[in-house]
Amino acid sequence: MRASVFQTAVAASATFLLFYPVLQIVLLSFNKLPYFRIGGDFVPTLEAFQWVLSQPDFWRGLLNSLIVSSLTVVIVVALALPGAYAFSRYKFRGRDSLLSFYVVFTQVAGGLGIAGLIALFGIVSALGLRNNLVALALIYAAGGIPYHTWLMKTYMDTIPRSAEEAAFVDGASTNTVLLRVVLPMMMPAIAVTSILSFIGAWGELIMANLFLSGENRTLILWIYSLLSNVYSVQWNRFAAAALLYAIPPVALYVALQRFLRRGLAFIY
Amino acid sequence: MRPLWLILPGLFLFLFFNLWPIVYSVYISFTDANIRNFPTPPPWAPEELKQARPPPDYVGLKNYVSIFAGPAASGFFNAFLWTLIFVAVSVPAKVAVGTLVGLLMSSEKVLGKSIMRAFLVVPWALPLILSVVAWRYVFDPAFGPVNQLLRYFGVGNPPDWIVNKDYAYAAMVVIETWLAYPFIMTVVIGALANVPRAAYEAAYIDGAGRWDIFTKITLPLIKRPLIYASVMTAAASLQFFLVAFLWNFIQLYDRFILAYGYYWAFGSPFREYGLAAAVLTVSALFISVFMLAAIRLTGLLKGAYES
């Protein structure tokens, strides 16, 4: 079959139309005026980005977001990796039921998360852990445990045990085997878990909005506050702020695609 | 003994911050928790404060009566109805756009598919708040292209898509469609990727028309995956909340069930946590029943395990 000009044109127009909102926000962030007229009066400048980078709230939010997201990654990997090892390499009572519980919970987590929000607010307040970045990271990590334990377990199942067994036969200690043999082979799965956890924590808004205040507010809360006063902020500055905020998760998403091609496609 | 020690720390964190709050929220729905008695002060708070804020009282089914037959009933019913309308409108829209783009991206006659695909999955990769910002500009009453176009075509007084309740709701349908079409598109592309070209060529040689090829070959191939994708995306529409929260919550909180629950807890000045917990419990139950019924009716899991 030969290429059709008509179908290609339809596909290209559809793509353009669907991509248009994003294209526009990118152009707007480089525009001199805070809006476009139809037909365009695009005057490229970096002023909007300069404004964002001169805002103390931007830098404070960025730092807080980096802290919360990195902590979340560390906690998820530190807790899910040993769990995955146990599920993959040992047989014990309740193993299968606990694993299926994890998988089922992963499927329904979204809606139940909002349902549990009120009690979580009560628990966190009663423990005096509101406005605490570490506590927020623990909460984020807790939500990721079932999925990431399952993900890393599934990946570990594909790694043959022979390497570990050979190391044990050579007289290596358990810790040595785990650190020198298992850990390096698990790196792709650890990377995927880290990326997904980071993106999740970076983009979480509802709990951050409920728990954090003042100096501890994360970057997304700053963007959110701009969105609520959109009439007092110029659109080009606002677009620039949102784009800068989006760079880390989008870059990580692109990186993720590489790992998915290297044998981790099962996560979708 | 050892494997349990590897699992327990993670399991404990999950149970404490995820599962326990869900159970505890159900309990709260049977209490009169509100701004005066909830959250309870921390253990180290001074005695006077603890006495001033006694824990919430058990009130039985009062909150449930209130949302089904009491003062909150009409609001809850309204939110429920609007949520169902949202599902009924947004799901066909998502499936239509996603399928159309998916078919185009599977067509041998379209050039430059890999580049277009990279652009088309962008809504998937973007953080939600950036997408909402982009759409807020598209629908901006003064500067947005939608209203500029409307004015260009002679609509003197184009609507306010943010402040007007009904137009804001319509914007929600558009945005949800935009957010979800990459999922449907990917499912369609995946379903059509394994079709042997010979099947099409044979049909073509046998004299089958385009429409015949579509209904006899393409449609049966994508039907099952599409049903699966529709159920998943219907669940997403039922749980629609974040975009409404970001768009203009004051106008949209009573049009989506989860938003309505959130509003009673954290948006209303009285902070009726007990009532809100009842709303959210009923909503979560409804969503679970819907998912189970959909899985049953469509034989979803069977298909999921086969493929």
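Of the 268 residues of chain A, 36% count as buried. A residue is called buried if 20 or more other C-beta atoms, placed from the backbone, lie within 10 Å of its own, exposed if 12 or fewer do, and partly exposed in between. For chain B, the buried share is 38% of 307 residues. The model is a predicted one, in which local features need pLDDT of at least 70, side-chain atom pairs count only at pLDDT 80 or more, and totals for chains, interfaces and linings use all residues. Residues are numbered from 1 along each chain as its sequence is written, while chains are lettered from A and ligands numbered from 1 in the order in which they are written.

Chain A has 11 helices and 0 strands. Helices (H or I, at least four residues) and strands (E, at least two) are DSSP runs, numbered from the N terminus. The radius of gyration of chain A is 23 Å, well over the 18 Å that the globule rule gives for 268 residues, so chain A is more spread out than a compact globule. That radius is taken over C-alpha atoms, and the globule rule is 2.2 Å times the number of residues to the power 0.38. Along the principal axes, the C-alpha atoms of chain A fill a box of roughly 70 × 65 × 35 Å. Among contacts in chain A between residues at least 6 apart in sequence, 79% join residues at least 24 apart. Two residues are in contact if their C-beta atoms, placed from the backbone, lie within 7 Å.

Chain B contains 15 helices and 0 strands. Its radius of gyration is 25 Å, well over the 19 Å from the globule rule for 307 residues, so chain B too is more spread out than a compact globule. The C-alpha trace of chain B spans about 85 × 70 × 35 Å along its principal axes. Of the contacts in chain B with a separation of 6 or more, 70% are between residues 24 or more positions apart.

Where do the two chains meet? In all, 63 residues of chain B are in contact with 69 residues of chain A. On the side of chain B that touches chain A, at least two residues each come from several helices, including H1 (2-28), H4 (73-106), H7 (128-138) and H14 (273-298). The largest share, 16 residues, comes from H1(B). By type, the residues on this side of chain B divide into 51 nonpolar, 9 polar and 3 charged. Here Ala, Val, Leu, Ile, Met, Phe, Trp, Tyr, Cys and Pro count as nonpolar, Asp, Glu, Lys and Arg as charged, and the others, Gly among them, as polar.

The largest nonpolar core has 145 residues, of which A:Ala242, B:Phe256 and B:Ala259 touch the most other members. Such a core is a set of buried Ala, Val, Leu, Ile, Met, Phe, Trp, Tyr and Cys residues joined through C-beta atoms within 7 Å. Helix H9 (residues 165-193) of chain B gives the most to this core, with 15 residues. Leaving aside neighbours within four places in sequence, A:Ala242 is in contact with A:Ile25 and A:Ile223, and also with B:Ile129, B:Leu130 and B:Val133.

B:Arg136 is found in helix H7 of chain B. B:Arg136 is buried, with 24 other C-beta atoms within 10 Å.

Helix H11 (residues 210-238) of chain B is not straight. Its 29 residues have end C-alpha atoms only 36 Å apart, short of the 42 Å that a straight helix would reach at 1.5 Å a residue. The expected span is 1.5 Å times one less than the number of residues. A kink of about 50° lies at B:Leu219, shortly before the proline B:Pro220. The bend at a residue is the angle between axes fitted to the seven residues ending there and the seven starting there. Among the buried residues of H11(B) are B:Ile222, B:Tyr228 and B:Leu238.Some backbone spots remain. Most residues other than glycine have a negative phi, and most peptide bonds are trans. The peptide bond from B:Phe38 to B:Pro39 is cis, with omega near -5°, and B:Pro39 is in the loop between H1 and helix H2 (47-52) of chain B. A:Asn131 has a positive phi, near 60°, and lies in the loop between helix H5 (117-126) and helix H6 (133-157) of chain A. With 15 C-beta neighbours inside 10 Å, A:Asn131 counts as partly exposed. Phi of B:Arg271 is also positive, near 50°, and B:Arg271 sits in the loop between H13 and H14 of chain B. B:Arg271 counts as partly exposed, with 18 C-beta neighbours inside 10 Å.
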